[in-house]
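Have the 3D view open while you read.

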Amino acid sequence: MKLPVSWRASATAAVAAATLLTSGSIAGAASKADVEAAAAPDIPVANVKAHLTQLQSIATANGGNRAHGRPGYKASLDYVKAKLDAAGYTTAIQQFTSSGRTGYNLIADWPGGDTNQVVMAGSHLDSVSSGPGINDNGSGSAAVLETALAVSRAGYQPTKHLRFAWWGAEELGLVGSRYYVNNLSATNRAKISGYLNFDMIGSPNPGYFVYDDDPAIEKTFKDYYAALGVATEIETEGDGRSDHAPFKSAGVPVGGLFTGASRTKTAAQAAKWGGTSGQSFDRCYHSSCDTTSNINDTALDRNSDAVAHAVWELSD
């Protein structure tokens, strides 16, 4: 279900106003113009789902998966890169080798902003070999892509420099993101003021989990959801198991969102989020049934909007 734009817009404005007031960046009450200038655009969930449809088609045409070293992964990367190139990004493909196969990371920089202060948002683009990986992690990849395209549509010129990334071989042990971080100089690592990770954000029986790594990034997400009236919990199931981990180990502030994988939703969680207690957040986790039918539209919509909100908020 698509969130009403009026509801989301008022919630975003409330978060933006509170942030401006508490940060001391303005004196007195924020004007309506100030608040609107700070607000991210609504991310159309139909656009995000259209990307998922394309990733599903790519998997179907390439043996049912988009795994590292397989044709479906490279076709997925080519799809994302073409969208970014057309939108005015400077893109680069980083090549590495894992398990005897060639892997690729895709890095996209939005021109402008202070390159000594880089805000990154990323997701892993590979699936497991047993399925198309539409929730894991087409969902995060599509939301990050659509947020990047929204930056272009808005002609957004933030104070900080924006960089987006799609990682290869995450399913083999965070290989692509670790390769990227390990090949940054100490100087360039220090320029990254925050890395936001989005891995599984459309689980069919969703929870709303926020990483508790960097306090400022955590607060950005929690305040956003509080303004929507959606309760959140601290993310523990995937702690250290996704692409934020190499950044965190290198001293980069990290944060992110997650809707749950193989753990079971409790009765208390079902009471506050809906869905089915006693059932996994994603019964198709790492399975062939992780298709476009394995997505909760409301969770995908809310989280895609939250991705954009954090990108705008933290780069302004």
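In this predicted model, helices H5 (residues 134-154) and H11 have axes that come within 9 Å and cross at roughly 50°, so the two are oblique to each other. The crossing of H5 and H11 is right-handed. On the H5 side, the contact uses Ser139, Ala143, Thr147, Ala150, Val151 and Ala154; H11 answers with Leu300, Ser304, Val307, Ala308, Val311 and Trp312. As a reminder, an α-helix has 3.6 residues a turn, so residues three or four places apart point the same way.

H5 also packs against helix H3 (residues 45-61), at an angle of about 130° and with the axes 8 Å apart. That angle makes H3 oblique to H5, and their crossing is right-handed. From H3, the contact takes in Asn47, Val48, His51, Leu52, Leu55 and Gln56. H5 brings a list of its own, including Ile134, Gly138, Ser139, Ala142 and Arg153.

Here are the two pairs together:

| Helix pair | Axis distance | Axis angle | Handedness |
|---|---|---|---|
| H5 and H11 | within 9 Å | roughly 50° | right-handed |
| H3 and H5 | 8 Å | about 130° | right-handed |

At 1.5 Å a residue, its 19 residues (297-315) should span 27 Å, and the end C-alpha atoms are 27 Å apart, so the two agree. H11 is mostly covered, with 17 of its 19 residues buried. At the start of H11, a side-chain oxygen of asparagine 296 comes to within 3.1 Å of the backbone nitrogen of threonine 298.

Conventions:
Residues numbered from 1 in each chain as written. Predicted model: local features only at pLDDT ≥ 70, side-chain atom pairs only at ≥ 80, totals over all residues. Heavy atoms only, no water. Helix = DSSP H or I, 4+ residues; strand = E, 2+ residues; numbered from the N terminus. Expected span 1.5 Å × (residues − 1). Buried < 20%, exposed > 50% of the residue type's maximum accessible area, 1.4 Å probe, protein only. Polar contact = N/O pair within 3.5 Å; in protein donor to acceptor, adjacent residues only side chain to side chain. Axes fitted to C-alpha atoms, helices over the stretch in contact; angles between N-to-C directions. Parallel < 35°, antiparallel > 145°, perpendicular 65-115°, else oblique. Left-handed = near helix turned anticlockwise from the far one by under 90°. Contact = heavy atoms within 4.5 Å.
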